[in-house]
Amino acid sequence: MVKKFGDNTVLDDLNFDVRRGERVTLIGPSGSGKTTILRLVMTLEHLTGGYIYVDGEPLTHLEVNGRRVERRPKDIARSTQKIGMVFQQFNLFPNMSVLENITEAPVHVLGRSSEEARTRGLELLDMVGLADKAEEHPTRLSGGQQQRVAIARALAMDPEILLLDEVTSALDPELVGEVLGVLRDIAKSTDITMLIVTHEMQFAQDVSHRVLMFDGGKIVEEASPDVMFTSPTHERTRSFLQAVL
Ligand code: ADP
């Protein structure tokens, strides 16, 4: 895939696969293109060149007679339904209750009954430890609680792929643990494919099957977490990890 912002080529002919059920963490210095990759997969950014495949299907563009053609919006929407994303800034709807935040998309996008969406929403709130906050307004919750609601909201759409974009970066340090704890549980108890951008290296080591080190929009090293965090091969990875660990 290729992504440019104006003249700035952020991702130049980047190519990588994530297998079903795999949890892959992207690490690397600020500005290396990690968030852009997640936003491209979520179709929040327009792909300049190349293709992204989800479940073997082209996401936004396909090749027809050797030409690159954009897919129809409703076909793209069908693919993006398989993908959930949690952002650094929780992005909850402030005018809805916690439970309404979670049931909104299942009802309006998936066409579930409000009863079914409520039941599932309460189950998910229980899973993230916030069953007692269902009727609360998000603004009355701590950042850690809001982020746990955002995680429940993403899961309410039954995604096959979950994108986590620096989900603890906006939190006070004492609130990071509760969010990572919930994500660890989800990683352990589900087979959702995860693509993770994080600066929490211990978390990355614990939950990832594979770690990709980025620099300047390219993968400079790819390894299992055990190898990446203890004996990386590349000098660039070593200096990056030394700076952040
Ligand atoms: P990372 O997540 O690794 O910190 P990003 O994907 O956020 O990196 O950014 C990669 C590059 O793309 C940076 O040079 C950044 O300035 C640029 N970039 C990201 N988003 C935009 C945008 N909306 N407009 C212009 N440039 C952008």
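This is a working chat about the predicted model shown above.

Me: Hi! What kind of model is this, and how are residues numbered?
Reply: Residues are numbered from 1 along each chain as its sequence is written. The model is predicted, and local features need pLDDT of at least 70, side-chain atom pairs count only at pLDDT 80 or more, and totals for chains, interfaces and linings use all residues.

Me: Which feature does UniProt place at residues 2–241?
Reply: The unreviewed UniProt entry gives "domain: ABC transporter" there. UniProt positions are in the numbering used here, feature names are shortened, and annotations may be inferred rather than shown by experiment. That span is 38% helix and 21% strand, and its end C-alpha atoms lie 27 Å apart.

Me: How many helices and strands does the protein have?
Reply: Nine helices and twelve strands. Helices (H or I, at least four residues) and strands (E, at least two) are DSSP runs, numbered from the N terminus.

Me: And how compact is the protein?
Reply: Its radius of gyration is 18 Å, close to the 18 Å that the globule rule gives for 245 residues, so the protein is as compact as a globular protein of that length. The radius is taken over C-alpha atoms, and the rule is 2.2 Å times the number of residues to the power 0.38. Along the principal axes, the C-alpha atoms fill a box of roughly 50 × 50 × 30 Å.

Me: Nice. What is the strand order in the open sheet?
Reply: Six strands run β8-β9-β10-β3-β11-β12, with mixed pairing. Two strands pair if DSSP finds at least two bridges between them. The edge strands, β8 (83–86) and β12 (218–223), each pair on one side only. From one strand to the next the twist averages 20°.

Me: In which sense do β3 and β11 pair?
Reply: Parallel, over four bridges, with β3 at residues 23–27 and β11 at residues 210–215. In that pair, L26 stands opposite L212.

Me: Which strands does α5 touch?
Reply: Helix α5 packs on the sheet against β8 and β9 (161–165), and its direction makes about 175° with that of β8. Contact is defined by C-beta atoms, placed from the backbone, within 7 Å. Axes are lines fitted to C-alpha atoms, for helices over the stretch in contact, and angles run from 0 to 180 degrees between N-to-C directions.

Me: Switching to the core: which residues have the most contacts inside the largest one?
Reply: V86, I151, A152, L163 and L164, in a nonpolar core of 53 residues. Helix α5 (residues 143–155) gives the most to this core, six residues. Such a core is a set of buried Ala, Val, Leu, Ile, Met, Phe, Trp, Tyr and Cys residues joined through C-beta atoms within 7 Å.

Me: Is L164 buried or exposed?
Reply: L164 is buried, with 26 other C-beta atoms within 10 Å. A residue is buried if 20 or more other C-beta atoms lie within 10 Å of its own, exposed if 12 or fewer, and partly exposed in between, with C-beta atoms placed from the backbone. L164 sits in strand β9. Leaving aside neighbours within four places in sequence, L164 touches V86, M194, I196, V197 and T198.

Me: Last one: where is T43, and what is its phi?
Reply: T43 lies in the loop between α1 (34–41) and β4 (53–54), with a positive phi near 60°. Most residues other than glycine have a negative phi. N91, in the loop between β8 and α3 (98–108), also has a positive phi, about 55°.

Methods
Contact = placed C-beta atoms within 7 Å.
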